[in-house]
Amino acid sequence: MAIFTLSAFLVVAVLSSMTLVSQGAETDLCQGPCYSGWIYKNGRCFQHIADEKRWLDAELHCVSLGGNLASEHSEDDHVFLKQLNGDDKPFWIGLSDTHKEGTWLWSDGTSANFKEGLAFSSWNSGEPNNQGEEGCVHSNFGGQKDWNDIGCDGKYPFICSIRLGCMSVCSSC
């Protein structure tokens, strides 16, 4: 029986979901804007999950639904996700650097090139600070209610997101 470290398992989970997306696994999603229980916004469907899970378990739950933990690409996304969360509690988003310290990746495979200033970010002041083993990110934290790097084993609610791959061929999406 093989034993995997958390970071190795995270890398496999993220890469597996990225492979599914790149191979067109999302193309069967055009059944109206979103499935029941999901909310449509800017070509993606979102669902808040109140069950508190560790980051990896939250990502795997989202993958089982056909998506990933939500990524944020604009201030509009950031505000929307905090509103969808519905309270002041932190929630997981799909950002981590567990594969390589300081190299942030979104679990849905979208760009997180913060160092080059090519991607949106909303870190709290002084973050990311990697105090201890802080490889995962939750949003809506602290006085600023922005992003904080934190250990992946904490349990928080989370938001799943599915990118609609049918936007150009489905008028109802």
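In this predicted model, strands E2 and E8 run antiparallel and are joined by 7 bridges. Within this pairing, Phe 46 stands opposite Ser 161 of E8. Strand E8 spans residues 156-163 and E2 spans residues 44-53. E8 is mostly covered, with 7 of its 8 residues buried. E8 also pairs with E3, again in the antiparallel sense, over 2 bridges. Here Asn 68 stands opposite Ser 161. Ser 161 therefore faces Phe 46 on one pairing and Asn 68 on the other, by the bridge assignments of DSSP.

Asn 68 belongs to E3, a strand of residues 68-69. The relative accessible area of Asn 68 is 4%, so the residue counts as buried. One of its polar atoms lies 3.2 Å from the backbone oxygen of Ser 107.

Strand E4 covers residues 91-96. E4 is mostly covered, and 6 of its 6 residues are buried. Both faces of the strand are covered. Phe 91, Ile 93 and Leu 95 are buried on one side. Trp 92, Gly 94 and Ser 96 are buried on the other. E4 has two antiparallel pairings to report. With E6, the pairing extends over 3 bridges, and Trp 92 stands opposite His 138. With E5, the pairing extends over 2 bridges. In that pairing, Ser 96 has Leu 105 of E5 as its bridge partner.

Helix H3 comprises residues 75-85. Its buried residues are Asp 77, His 78, Phe 80, Leu 81, Leu 84 and Asn 85. Viewed down the helix axis, these residues fall within an arc of 165°, so they line one face of H3. An α-helix has 3.6 residues a turn, so residues three or four places apart point the same way. The cover over the buried residues of H3 includes several strands. Among them are E1 (39-41), E2, E4 and E6 (136-141). E7 (146-150) and E8 also contribute to this cover. Gly 86 follows the helix. The phi of Gly 86 is positive, near 85°.

The whole structure holds 4 salt bridges. Side chains of opposite charge can pair when their charged atoms come close. One of the salt bridges joins Asp 76 to Lys 41, with the closest N and O atoms 3.1 Å apart. This pair links distant parts of the chain, since Asp 76 is in H3 and Lys 41 is in E1, 35 residues apart. Asp 76 has a relative accessibility of 39% and counts as partly exposed. Lys 41, at 21%, also counts as partly exposed. The cut-off for burial is under 20% relative accessible area, so Lys 41 at 21% is not classed as buried.

A salt bridge also forms between Asp 77 and Arg 44, where the closest N and O atoms are 3.1 Å apart. This pair too connects distant parts of the chain: Asp 77 lies in H3 and Arg 44 in E2, 33 residues apart. Asp 77 counts as buried, at 8% relative accessibility. Arg 44 is buried as well, with a relative accessible area of 8%. Asp 77 is also one of the residues on the buried face of H3.

Arg 54 and Asp 57 form a further salt bridge, with the closest N and O atoms 2.9 Å apart. Arg 54 is partly exposed, with a relative accessible area of 35%. Asp 57 is partly exposed too, at 29%.

Glu 133 lies in the loop between E5 (105-106) and E6. At 73% relative accessibility, Glu 133 counts as exposed. Leaving out residues up to four places away in sequence, Glu 133 touches Ile 150 and Gly 151. Asp 149 is 16 residues from Glu 133 in sequence. In space, the two residues are 9.2 Å apart, C-alpha to C-alpha.

Terms used:
Residues are numbered from 1 along each chain as its sequence is written. This is a predicted model: local features need pLDDT of at least 70, side-chain atom pairs count only at pLDDT 80 or more; totals for chains, interfaces and linings use all residues. Side-chain values use heavy atoms; hydrogens and water are left out. Buried means under 20% relative accessible area, exposed over 50%, partly exposed in between (1.4 Å probe, protein chains only). Helices (H or I, at least four residues) and strands (E, at least two) are DSSP runs, numbered from the N terminus. The arc is that of the directions from the helix axis to the C-beta atoms. Contact means heavy atoms within 4.5 Å. A polar contact is a pair of N or O atoms within 3.5 Å; within protein, one must be able to donate a hydrogen and the other to accept it, and residues adjacent in sequence count only if both atoms are side-chain atoms. A salt bridge is a side-chain nitrogen of Lys or Arg within 4 Å of a carboxyl oxygen of Asp or Glu.
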